[in-house]
Amino acid sequence: MEVVKDYPQMVEVNLETIEGNKYTINCDSQLFHRKMVNMAKTVGGSERPILMYCNVIASSDSMNFVTSDGFRASLATMKAETVNLDNGLAVEDPIDFNINPNILSRLLTPVSGIDITMLVTNDLIYVVDSESAITLKTIKESFPNVRRMMPEVDFESGKVPFKAIYEIDGKELNNALALLRAVLANEKNKRICFDLGENCKVESTQSKDQGKIQLGGVITGEAIKIHFDILKLDVLNNGIEKLRIGLIDKESPIYVYDASEANNFSNAFMLMPML
């Protein structure tokens, strides 16, 4: 039996000779990797293959990402200072393609101060960083228009559709959720309730004393109780220091933003409640 001692050499691709439309995107590797990690939390399963991917719309001033699993959605933006497209692409002529955030979040090696390069063609996407080169097949199916699910908001002027806005330290909220996950680890029912009123708390619907945790933060507007599957809330563990959560009622989605931003949302999330 023949033993293969060495892996075969990867085929070298001459990016200069690739035919057809192609666009080169350069961006900071650490920021791009962080976006892919967050995007991977809300991708769908094999029952809807297109939802297993992250939709990217890139123009000369930004790169926008969106994923959704049908119950949650994540949107993110990288601004012009970290994105540079060549081929004379104009702001009004964006390119639209789909990538797999799970693969990229696992295989990319983010290095401080080092850029990655993505070359997008009609058939393939080449992702190159300081340690690796990844070739992905272009996914040509149309991604659902998840962006229209996010309401237009202007926190500075107060023009928002929310009946209540809750602001809380991101680390405090995720510590509370981690404790509840531990409490509910052996429970079949993973349902929890956010009781957002004069005294904000989060609790399991099992009504056990250890399943009630007092929260800090500030809520303005109406008091609202809203329920979630705690396993769906991992998207909130996203590195944002202070979260701003917009609530309409107990049956509508909640919308989560970075409270340090006014209206230019580089990270935004939508989560459907349990009814």
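Student: How many bridges join β11 to β12, and which way do they run?
Tutor: Four bridges join them, and the two strands run antiparallel. Strands here are DSSP runs of E with at least two residues, numbered from the N terminus, and two strands pair if DSSP finds at least two bridges between them. This is a predicted model, where local features need pLDDT of at least 70, side-chain atom pairs count only at pLDDT 80 or more, and totals for chains, interfaces and linings use all residues. Residues are numbered from 1 along each chain as its sequence is written, and side-chain values use heavy atoms, with hydrogens and water left out.

Student: What's the bridge partner of Ile192 in β12?
Tutor: That's Ser204. β11 and β12 form a hairpin, with four residues between them.

Student: And how many bridges join β11 to β15?
Tutor: Six, again antiparallel, with β15 covering residues 224-229. Leu196 has Ile224 as its bridge partner there.

Student: Why is β11 largely enclosed?
Tutor: Because six of its six residues, 191-196, are buried, meaning under 20% relative accessible area with a 1.4 Å probe, protein chains only (over 50% is exposed, in between is partly exposed). Arg191, Cys193 and Asp195 cover one side, with Ile192, Phe194 and Leu196 on the other.

Student: New topic: where does Thr220 lie?
Tutor: In strand β14, residues 218-221. At 45% relative accessibility, Thr220 is partly exposed.

Student: Which residues does Thr220 touch?
Tutor: Leaving out residues up to four places away in sequence, Thr220 touches Lys163, Ala164 and Ile165, where contact means heavy atoms within 4.5 Å. Lys163 is 57 residues away in sequence, and 8.5 Å away C-alpha to C-alpha.
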